[in-house]
Amino acid sequence: MKKTVLGELEELVLLVVAASTEDVYGVPVLEELQWQTGRNFTISAVHTTLYRLEEKGFLVSSVGGATAERGGRSKRLFALTAEGGRVLRDIQQMRTRLWEAIPEGKFQLLGL
Amino acid sequence: MIRKYRSSPPDRLSPPRWADQLLEWFVAPHLLEYLQGDLHETFQKRVRQVSLIRARQEYVWAVLHCLTPFFANQQTIGPRKAGPRKADSLVPANNPYPNPALTDMIGNYFKIAWRNLWKNKGYSSITILGLAAGMAVAMLIGLWIWDELTYDHSHKNHNRLAQVMTTLVRNGSELTTNRFVASPLGNELRANYGSDFENVSMASVNQSRELAAGEKKITAKGMWVEANFPSMLTLKMLQGNINGLQDPSSILLSASVAKSLFGDADPINKVLRIDNQASYKVAGVYEDLPHNTTLNEAKLFLSWDKYVKMVGWVNESMKHWDNKSFQCYVQLNDHIDITKETAKIRLASMAHLNAASDGQEELVLQPMNNWRLYGEFKNGKVVGGRIQFVNLFAIIGIFVLLLACINFMNLSTARSEKRSKEVGIRKAVGSVRSQLISQFLSEALLIAGIAFLFSLLFAQLFLPLFNTLSDKQMTLPFSHVFFWIVCIGFTILTGLLAGSYPAFYLSHFDPLKVLKGTYRVGRFASLPRKVLVVVQFSVSITLVIGTIIVYKQIQFAKNRPVGYNRESLLAVYMTTPDLFGHYDAMRSDLLATHVVENMAESSSPVTSVWSNQIGYSWEGKDPATQPSFGTIGVTKDYGKTINWQLKEGRDFSKDFSDSNSIILNEAAVKLTGMKNIVGKIIRKDEKNLIVVGVIKDMVMESPYAPVTPTIFLVNPGWVNVIYVGMKAGIPLQDALAKLAKVFEKYNPAAPFDYTFIDEEYAQKFSDEQRIGNLAAFFAALAVFIACLGLFGLASFVAEQRKKEIGLRKVLGASIFNVWNLLSKEFMLLVVFSFLVSVPLSYYFMHNWLQNYEYRTTLSWWVFAAAGMGALMITLATVSFQSIKAAIANPVKSLRTE
C-alpha cells in the first residue's frame with residue numbers, strides 16, 4: 001500500500017462514489033451515507049471529504065447541471081479515478097488478509 | 001401513496017436569509033456555489049419531509065457547521081500533482097491571493113500590535129487604563145439602566161398589570177393624580193367592565209405591621225389584598241398555596257419574614273398575631289420579591305375580606321365613594337389595550353359622585369411597566385419621572401466612553417510621527433492602504449480587547465461601591481449570553497471607533513516623503529488633536545458644573561426653612577389598638593421620665609399630609625370652585641411639641657375648649673383670600689369653625705413643591721402618630737431606654753418602633769442625593785480620564801521637543817521658561833473648553849431647574865469654580881511632565897547628535 005492513508009469517513013465517501021453508477025454530488029452522497037450507516041453527517045463534512053479526496057487524486061470533479069430546487073446553483077459532480085479505484089481495492093485486499101488471519105473458531109468462542 | 005407537495009410560492013419556503021448571507025460572506029467564493037446549492041437542495045427536501053421551522057433550524061445548524069477554516073481558506077484544491085487542469089478546476093483563475101482579512105495575516109497584525117504595545121509601556125498603559133476606566137463606567141451605567149428598564153419585569157404578567165389612579169381637580173383648576181381610590185371601585189369594575197379584566201384586586205396601603213409569634217416580635221410592611229392578588233403578581237411560592245388568602249384568617253409571608261419569625265421550623269399553619277388585633281394562620285411562604293420591583297417592601301399579604309369585616313371605618317367605606325384611601329390593581333385580559341381601557345373606565349367613579357359637592361375625578365390606568373420610570377403626572381398626563389435620570393445617565397455613559405476613545409485617538413495620532421517611518425517602509429515594500437488600515441484597526445481592537453478585560457475587573461471591583469451609591473443590588477450577569485454579546489459587540493465597536501481615526505490618518509502618509517526625511521507634520525497637523533482635547537474638556541467641565549448645580553439644588557431644598565423643629569423629635573406610628581385612648585396617662589408618664597420635653601398626637605405625620613378634604617366654605621368664597629385643604633387632627637400640645645411658628649392669633653390651649661377652633665397655615669389663608677382672618681368663621685359640614693391662629697408655612701410634603709394649604713383642628717379621636725419632643729443634651733441611649741419602658745407598658749405586644757423626624761425628612765432627598773452622588777462619581781471619572789489623556793499628550797510633547805528643550809537650557813533658559821513653553825498651549829485649550837462649556841451647561845441646567853418649584857440660582861461662582869478647578873487640575877497634570885522635561889540634564893538629550 002502506498003503512503004496515502006484514508007480516514008474512515010474518506011473511505012466511506014470514496015466507497016459511496018465508487019458504488020454509484022453515474023457522477024454524484026454532495027446531496028446524494030450524504031443521503032447514501034446516512035442510509036448505509038444510519039449515522040448523521042453534515043453536508044460540510046461531506047464536502048470537506050470530497051474535496052480532500054479530489055486533492056489526493058482519488059476523485060475528479062466537473063461542474064454539473066443546476067436545478068430549481070438548488071436556486072439555480074450548479075452541482076459539482078464527482079467521479080472515481082483509477083487511482084481511487086486502486087486505493088479501494090488495496091484497502092479491501094488488506095482487510096481480506098486480516099480477516100483470513102483470524103483464527104478459526106475465535107468468533108464462536110466469543111459467542112458470535 | 002401519492003405525495004402531496006406544498007403549493008406555497010417557493011420564496012416563502014426559503015431558508016433564513018441571514019444564514020445564507022453569513023455563508024456567502026464566509027465561504028471562499030469558488031466553493032460557495034456547490035455548497036450552497038447542496039444546502040438548499042437538502043433544505044427543500046426537509047421542508048417536505050418535516051416542517052418549515054424544523055428545516056430552517058437544520059439549515060442554520062448546517063451553515064454553522066460550514067463555518068470552518070476549511071471553507072474560508074481552501075484555495076488550493078485540485079489535483080496536487082502536475083497534469084492538465086480542467087478549466088472548471090476549483091483553483092480560481094485570477095485571484096491568487098486570498099482576502100487578507102480572512103487569512104493568517106490577521107494573526108500577524110496582532111503580533112505586531114502586541115510588540116508595539118510592549119515597546120511603549122507608558123503610552124500603552126495610559127491608553128489601556130483610560131479606555132478600561134471608560135468602559136467600566138459605561139458597563140456600570142449600562143447595568144444601572146438595565147436594572148431601571150427592567151424594573152417590575154420579574155412579574156410574569158407585567159405587560160398586563162396596571163394600577164388604577166385618580167386624577168382630581170384641585171384648587172379649582174390644577175389637576176393632581178394619585179394612587180388612592182374608593183373601596184367600592186373593585187366591585188364596580190368587576191360588575192360593569194368584568195369582561196376586560198382577568199383580575200381586579202383592591203388593596204390597602206403598604207404599611208408597617210407589628211407581627212408577634214410567641215415571644216418573637218418584629219415589624220414588617222404588608223398589605224391587605226384580595227385572594228387573587230398573589231397570583232396576579234405571580235408570587236413564587238416556596239411552601240403552601242398561592243390562593244391561600246381565600247381563607248380570610250390566613251396570611252402569606254415572605255421567606256425572610258417567615259425565617260425571622262419561625263427560624264428553621266416549618267411555618268405552615270403556625271399562628272401569629274398582627275398588630276395585637278387578630279390571629280392568622282400561615283397559609284403560604286413566598287420568595288421575597290426581587291429588589292427591583294415596586295412592591296418589594298410588601299413582606300406579608302392579608303385577606304381584604306377580613307380587613308373589611310374587622311376594621312370599622314373600612315367596612316363603612318365600602319358604601320361610600322368619597323373616602324379615597326385604598327388602592328386598586330387590575331390585570332387586563334390578553335387582547336385589551338390599556339389606553340383604550342383607560343378611556344373606557346375614565347368616568348367609572350363619577351357615576352357615584354356628586355360633581356357639585358365632591359368635585360370632578362377621573363380614573364387612569366397606570367401600566368406596571370410605567371410605575372417606576374413614568375411616575376410623574378402633571379394635569380392628569382404622564383410627564384416622565386425617573387426616565388429623565390435614565391436618559392441623563394445614558395448620556396453621561398456615552399460621553400465618558402467618548403472621552404476614553406478620544407484619549408486613545410489622541411495618543412495614537414500623537415505617536416504617528418514616530419510610526420511614520422514604519423508606515424513608509426510598509427508602503428514601499430508593497431503594502432496597500434487597506435492592509436495598513438486593517439493593521440491599525442486590529443491594533444485598536446487588541447487594545448480594546450485588553451481594556452475590556454481590565455474593565456471587567458474594574459467593574460467587578462467597583463460594583464459594591466456602586467451598589468451602595470445607587471442603593472441597588474446588581475451583579476454582573478456573567479452567565480447571560482446577552483451580556484457577553486453586548487459586551488463583545490461593544491468592545492469591537494469601541495475598538496473600531498477609537499481606531500478609525502489613527503487608521504485612516506496614519507495610512508495616508510506618502511511613503512516617499514516619509515522615507516526621504518522631508519516629511520514634516522504640517523502646521524495644522526495637531527489641529528484635530530486640539531479639537532479633541534477641547535471636546536474632552538468641554539464635556540468634563542459641563543459634567544462638573546452640572547454636578548455642582550445638582551448638589552446646590554439638593555442643599556437648597558434641604559436648607560429650606562421647614563417651619564418646625566425637627567431635631568430631637570421622635571415619631572411613633574400607632575399601628576396597634578393598644579396605643580389608643582391613653583393619651584393623658586401616657587403623656588404624664590412620658591413627661592415623668594424627665595427626658596421628654598413635650599408629647600402630642602396627630603392624624604398625619606409632620607412629614608406628610610395624609611388627608612385632603614373638600615367642602616369648606618367661607619364668606620366671599622367663589623361658589624364655582626371646590627378647593628381642597630390638607631386637614632390634620634391634632635391634640636392641643638401639638639404646636640408646642642413640634643415648635644411651629646405662630647404668626648397671628650394663638651395656639652390651641654387647655655384654657656379654651658377649642659372643639660371648634662382651627663389653625664391655618666399661610667398657604668391656606670392665601671387660598672381663602674380673607675384678610676385679618678383670626679376670629680373669622682369657616683364652615684364645614686354644617687359646622688362653624690373659628691380661626692384662632694395662623695402659623696407660618698411648614699414643609700410637610702415635598703421640599704421642592706409649594707406648601708399644601710392646611711387646616712389643623714383639635715380632634716384627639718383622630719390620631720395616628722405620637723410625637724415625642726426630647727429634651728436637649730440628654731444621652732440618646734438612656735433616653736430611648738426610658739421611652740421604651742413607657743411604650744411597653746401601654747403596648748406590650750409590639751416592639752418599640754420609632755423614627756426620628758430629621759431622618760424621615762432626609763428620606764425625601766434620598767433619590768436626589770443618590771443621583772447626585774452617582775453623577776459626582778461619574779463627573780470625577782470623566783475629569784480623571786480627560787486628565788489621563790492630557791498627561792499622555794504632555795509627556796509626548798515633552799518627549800518630542802526634548803532636543804529643543806535641551807538647546808534652550810544650554811542657551812540659558814530657566815526652568816520657568818521651559819515650563820511656561822510647554823504648559824501654555826494646554827492651558828489655552830482648557831480656557832477655550834471652559835468658554836465652550838459655560839453656555840452649554842447654563843442651557844441644560846437652566847432647563848433642569850425648571851422642573852422644580854423651589855429652585856436654586858445658577859450663580860456665577862459655580863462656573864468660575866468649575867473653570868478654575870479644571871485649570872488647576874490641568875496645570876498639575878501638565879506641570880508634572882513639563883517640569884520633568886525642564887529639570888532634565890540637557891547633556892543627555894543633546895549628546896546623541
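1. Chain B is split into domain 1 (17-66), domain 2 (161-371), domain 3 (389-511 + 527-556 + 764-895) and domain 4 (569-758); the bounds come from an automatic or database domain assignment. This is a predicted model, in which local features need pLDDT of at least 70 and side-chain atom pairs count only at pLDDT 80 or more, while totals for chains, interfaces and linings use all residues. Residues are numbered from 1 along each chain as its sequence is written, chains are lettered from A in the order in which they are written, and side-chain values use heavy atoms, leaving out hydrogens and water.

2. The C-alpha centres of domain 3 of chain B and domain 4 of chain B are 55 Å apart. Eight residues from domain 3 of chain B and seven residues from domain 4 of chain B make the contact (heavy atoms within 4.5 Å).

3. Between domain 3 of chain B and domain 4 of chain B, about 660 Å² is buried, 65% of it from carbon and sulfur atoms. Buried area is the accessible area (1.4 Å probe) that two parts lose on being put together, summed over both.

4. Chain A puts 25 residues in contact with 28 residues of chain B. The area buried between chain A and chain B is about 2,500 Å², with 52% from carbon and sulfur atoms. Glu55(A), Glu69(A) and Arg73(A) supply 27% of the area that chain A buries against chain B, more than any other three residues.

5. Four salt bridges are counted between chain A and chain B. In the one between Arg48(B) and Glu69(A), the closest N and O atoms are 2.5 Å apart.

Key
A salt bridge is a side-chain nitrogen of Lys or Arg within 4 Å of a carboxyl oxygen of Asp or Glu.
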